[in-house]
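Please read this note with the model open beside you. It is written for someone meeting the structure for the first time.

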Amino acid sequence: MFVLIIATKPAQSEGIDVRGTVVDSSNGERLTGASVTIEGLGKGALTNLQGFYLILNVPPGTYRISASAVGYSQVVRLLPVGGQGPVIADFVLATRLIEVEGVTIESVGMDEQPERSASIHVISPLDLKSLPPTLQQDVFRSVALLPGVTSTSDVSARFYVRGGAADQNLILLDGMKLFNPFHAFGSLSTFDPEIVKSVEVYSGAFPAGYGGRLSSVLNVTSRDGNRSRIAGRAGINFISSELALEGPAGDDIGWIMSVRKSLSDKALKRFVPHEVPNAFHDAFLKGTMATTTGNIGLRGFLSADDITPADPQQPEHAWRSSAFGGSFSGLLTDRIYVDLLASYTRAEVQRIPKPATLIPTASSKIAEASLRAEFAVYAEDRDHASGGFEISFPSYQNSLTTRAGVQREFRDTNVEWWIWARYQWWMGIVGFDLGVNPELTSLFDIVLGNKPGYFLQSAQPRLMAMVSFGNTWLAKASFGVYTQNLITMNNEDDLISLFDAWLYLPLKLRPETAYHYVLGLEGKLFPPLSASLQAYIKDYRSITLYNPDKIFPEDPDYISGRGVSSGVEVLLRYAAPILDLYGSYTLSRARVESQNVPYAPRYDRAHVVKTMGTIHLPLRVDMTLRWEYGSGYPYTQNAGYYSRLGLGGLGSDPFPGGEGTSMRVLGPKNEARLPAYSRLDGSVTWQFNIESIRGTLGLTVLNLSGERNILYYDRTTGVTDYMIPFLPSAFIAVEF
Amino acid sequence: MVPACNQTFEPDGAYDQRLVVYGILSMTSDTQYVRIMSTYQTSPINEQVRAVVDVAGLAGNVHFNDTTVVRPDDLGTPTSYFVYAANGFKPQPGWTYVINISTPLHGTARGSTLGLKSPDFYVKNPADVTNPGRTEWIDASASFNSVRGAFVLRFVVEFQVLVGASWVTGYIEIPKGAVFDASGNHIFEYPTFGRVPIASLNLDYTTTEIRFSTEQYLAARERIASQNPGLPVQFTRALFTLTQIDDALYNYFYILNGPKDLGTTRLDIPDYTNISGGLGVFGCRYEVRHEILLNP
């Protein structure tokens, strides 16, 4: 309704619309975030995710119109504007090569789009490739470089954003929700970086249009495929082999596919302290038909992991994950752009015990079918209105054996119906972004008294104000309310969770709720050096925690607790042609309160320093060093033991005899801190050409200084395991 | 501030030296016992924990003195234990009792319990206990004047076997039921504590019905006979014992015997104490017995 009101607003001035697409000359891919400007008029627009732009009400005449994008050469052309209908102006941009004393650089600079959110980072494919890989390139490992994002170990790519739990991150692949996008105990993501067009990370106060998770959004967009020619890439490293192919199918259709398969778990065993054979594979296929204003696409994604320990006592585990979707994007009317997506996603994990063991079987399945529609209304100047809805049907089925030895099966299907509206506009140097993102079924439950809650958490306002000054600087303040009903019931204290079971919150519990407050300042100190300073508070008004006082069946398993995390992040980026430096510092604090007992969650890390430097040398050789330092994570110390006496059935003699059972006494929860984490990685890559084939040869050394970072301590045996040791590896990839 | 890089990992923190208190006030006895232990770092401390133990009630403080008693250990072997005991101390129903323990080396601890009021019960069909087989069930009705905690009614049969020239007395508890395990052996289910029913209409007492299977009763009697082939056996008394415990003891007992939540998704093991500043449990119990003489 909000969108329609905006859409039906009469145009304030007469003129002719100019619209078109911006395309990469090398592969025919449409470019997102390219800037198209009509010189002399002060009018312009950015291309959307489908590479489409629209400039409204251009007076008749002939103009110089330019298109530019980060890493591409600018194109300027003369455009006559006249007649009745819209004028179409498509652009083809060529990759910009920079030559500095014999060094050739494809592109520099991280593609930040600060106006879209208070806390957004955009990672491009070039950024992904510029990072020293942890055995192999990985999207989540790249995300981990961002300030505010932490991981509790080298083993796990599960990430925690600004003091939020791992299940509070919304992970999207082309708009399809993924529930378990990890390989190999979580040490790698299931996305092949080769298919990635961009990765958007909203680390806080994310705008309307995203819901259902409390902490962050990781939005991975895949490429549409090369529309110019058949191209491919094949690579091999110590863990896996990969093959990615892409090409045209007719004039308007592009396709891309990727398959990866693990080769050997020998390198992987260096990650995991015990011998746990793991095999994985994944596949992605996407076809996209370009239309004049958008595209129609189909995509599918599969991944599988199998853990098959040789130990006859250890159970096997199998993970399966898949997602399928169909989309349509394009102009619905002259001023309304629509993105439609129908998708189905599914994740499953099974524990398969060996014969003759007493370990019970267990399985967890979650599936979600959803339909999402987003409408964007083009308006004058920099005004932008959008809105949409999403209806989804999450269903889960968990089968497990409880501590009491009882086989239990939990299954449920729910409906989540989100609607949202968002309006962005500028008044001089001040910009605003206001939106709401209510979840209707939860709202109805609250109104009908079925579920405790408040109106504000149902409406979920998302607000941002910006002030632009000094040409490149932006000061921002934002606020947002977020809820989550679908949670995992794994224990956050687990080091490596082999069994994540999702479940919907019981009706009697309030939805998990967080209020985000973010202040930000960002801009360029001088041309190659950009800076960002952010301060945030995440006020967890309601989070679901284990009920520490549960004794009897009638006692609830879970209770609603509270929490708060806060922090300051500083990010510096020096992006010059031959030298690329990145550094960030995060000071943060997270606390959770259960039954009035506050404690630091497992993933609370006070100080984090992340640095990376890449130097581009002659002969297309790049050298990169990456260092990460993090102060210790909290843990609970042993504080002694006591004898828990049996009471003899409380029979005729009530006096408790015997010595009882020895029970461990733990100190205050998570009050101690592990030693600080430190890891220095280095890599050298050489890009070579053999006729039309481009190749990359790389040598990577993880943990150059051989730091012994604690991975795990077994309280029972007293054995301490450590994370990745000094670990050299190599990779080679060829592209044609 | 940023921690130093040479931090060491210390899995063991400061030893939390706390008192571990086990005290169960018996509402029907005038001798009460409290066992005081302490937490330990590596191995159990068998030494006596020297303490001043007082239980304060409306009638004033009762001081507990250290002594040694013999009780069966976890394997049933009689063993001497160092305890604190008070003679001539019979707790009163409805009174609050606060235990205070102070020690020179292990700090202090405190706990409280509310004296239970007397429960009662009767067997509705005693004739079916003396002459079983006429009805399917042996029914009892229990009433509780303290509507809290948990209770169990146990049914034990006293019997005598003539061994040589002497009658040897034995006891057998009547199970609630029995199932067969995978090997075809009987697994008997005995009565265990269950919550005292909630009172209706805001009454300060509540009643409930309990029944024992006549089939199990007869089967138990047959087992005794079959275990003593060729020997004369006579069943002398049926002993019914109703035990009520307060909430603290029930919480502790329930955890001790393994949570049996059929619906939980939880995989952790809970713990429980009502001792402030320490561990263990302090509670009270009330026991009522009735017997029915059987026809030898």
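1. **Ground rules.** This is a predicted model, in which local features need pLDDT of at least 70, side-chain atom pairs count only at pLDDT 80 or more, and totals for chains, interfaces and linings use all residues. Residues are numbered from 1 along each chain as its sequence is written, while chains are lettered from A and ligands numbered from 1 in the order in which they are written.

2. **Confidence in chain A.** pLDDT is the predictor's confidence in each residue, from 0 to 100. Chain A averages 83. Of its residues, 86% score at least 70. Strands here are DSSP runs of E with at least two residues, helices are runs of H or I with at least four, and both are numbered from the N terminus.

3. **Stretches to read with care.** A contact means that the C-beta atoms of two residues, placed from the backbone, lie within 7 Å. Residues 1-12 of chain A are also below 50, and they have 16 contacts beyond near neighbours in sequence.

4. **A four-stranded sheet in chain A.** The order is β3-β2-β5-β6 (chain A), and the sheet is open, with antiparallel pairing. Two strands count as paired if DSSP finds at least two bridges between them. β3 (43-46) and β6 (75-81) of chain A are at the edges with a single partner strand each, so one side of each has no neighbour in the sheet. On average, neighbouring strands of this sheet are turned by 20 degrees against each other, direction ignored. That angle is taken between axes, which are lines fitted to C-alpha atoms (for helices over the stretch in contact), with angles running from 0 to 180 degrees between N-to-C directions. Strand β2 (residues 35-38) of chain A joins β3(A) through four antiparallel bridges. Look for T37(A) opposite G44(A) in β3(A).

5. **A mixed sheet of five strands.** This open sheet runs β11-β18-β19-β14-β15 (chain A), with mixed pairing. Its edge strands, β11 (119-123) and β15 (176-177) of chain A, each pair on one side only. Inside it, strand β14 (residues 169-173) of chain A and strand β19 (residues 216-222) of chain A run parallel over five bridges. N169(A) faces S216(A) in β19(A) as its opposite residue.

6. **A run of antiparallel pairs.** Which strands pair with β47(A)? Strand β42 (residues 621-630) of chain A pairs with β47 (residues 677-690) of chain A over 10 antiparallel bridges. β47(A) also pairs with strand β48 (residues 693-702) of chain A, antiparallel over nine bridges. G682(A) can be followed across: L625(A) stands opposite it, and V701(A) in β48(A) is its bridge partner. β48(A) then pairs antiparallel with strand β51 (residues 727-735) of chain A over nine bridges, where P728(A) is the bridge partner of V701(A).

7. **The hairpin turn.** β47(A) and β48(A) form a hairpin with two residues between the strands. E691(A) has a positive phi near 55 degrees there. N689(A) has R694(A) in β48(A) as its bridge partner.

8. **Chain B in outline.** Chain B has three helices and 17 strands. Its C-alpha atoms fill a box of roughly 80 × 50 × 50 Å along the principal axes. Of its 296 residues, 30% are buried. Buried means 20 or more other C-beta atoms within 10 Å of a residue's own; exposed means 12 or fewer, and partly exposed lies in between, with C-beta atoms placed from the backbone.

9. **Nonpolar cores.** A core is a set of buried Ala, Val, Leu, Ile, Met, Phe, Trp, Tyr and Cys residues joined through C-beta atoms within 7 Å. The largest has 64 residues, and V21(B), V34(B), I36(B) and L153(B) have the most contacts inside it. Strand β10 (residues 150-163) of chain B gives the largest share, seven residues. L153(B) touches, among others, F121(B), A140(B) and F240(B). A second, separate core of 56 residues includes I195(A) and L503(A).

10. **An enclosed helix.** Helix α3 (residues 247-256) of chain B has seven of its 10 residues buried, so it is largely enclosed by the rest of the structure. Y250(B) and F253(B) are among the buried ones. The cover includes β1 (19-26), β10 and β17 (278-293) of chain B.

How values were computed:
Lists of a residue's contacts leave out its neighbours within four places in sequence.
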